[in-house]
Amino acid sequence: MSDFYLKVYEIVEQIPKGRVTTYGAIAKALGAIRSSRLVGIAMNNAHLTHPLIPAHRVVNRSGLLTGKHHFTNASMQKLLEFEGIEVIDDQVQKFSDVFWNPSEEL
DNA sequence: CACTTGACGAGCT
DNA sequence: TAGCTCGCCAAGT
């Protein structure tokens with residue numbers, strides 16, 4: 001397990017309830033802004049090594065729920081709405097309001 | 001071992 | 001404004 005993965009999990013675990021962040025923001029917080037894809041890959045493995053990780057709070061830069069197909073049981077949208085985040089058509093509403101920047105607020 | 005794919009994102013055309 | 005290209009790199013075929 002690389003440090004990158006561990007750091008990704010560390011950050012994702014700290015996303016406050018009712019807030020979301022982006023793959024790119026996480027990558028940036030780790031000092032590898034161009035490796036945002038790796039964050040996605042990390043999330044892909046996250047459910048194996050860190051089953052309780054709130055991956056539903058991580059969306060792409062436009063607030064789109066691109067990873068919803070990876071959620072087998074509970075729908076990503078349902079989880080977000082349960083936390084008070086408005087989601088319409090896979091798009092997080094008021095995205096800029098609920099956005100949590102790990103490099104500024106961590 | 002080589003090639004493709006992908007939970008991304010920024011920049012260029 | 002919309003679409004294309006490239007950087008990045010792990011994991012699967």
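1. Contact here means heavy atoms within 4.5 Å, and among the contacts in chain A between residues at least 6 apart in sequence, 64% join residues at least 24 apart. The model is a predicted one, in which local features need pLDDT of at least 70, side-chain atom pairs count only at pLDDT 80 or more, and totals for chains, interfaces and linings use all residues. Residues are numbered from 1 along each chain as its sequence is written, chains are lettered from A and ligands numbered from 1 in the order in which they are written, and side-chain values use heavy atoms, with hydrogens and water left out.

2. Chain A has 6 helices and 4 strands, taken as DSSP runs (helices H or I, at least four residues; strands E, at least two) and numbered from the N terminus. Along the sequence they follow the pattern α-β-α-α-β-α-β-β-α-α, and the C-alpha trace spans about 35 × 30 × 20 Å along its principal axes.

3. Of the 106 residues in chain A, 41% are buried, that is, under 20% relative accessible area with a 1.4 Å probe, protein chains only.

4. Not counting residues up to four places away in sequence, Val-12 touches Ile-26, Met-43, Ile-53, Pro-54, Ala-55 and Val-58.

How values were computed: Buried < 20%, exposed > 50% of the residue type's maximum accessible area, 1.4 Å probe, protein only.
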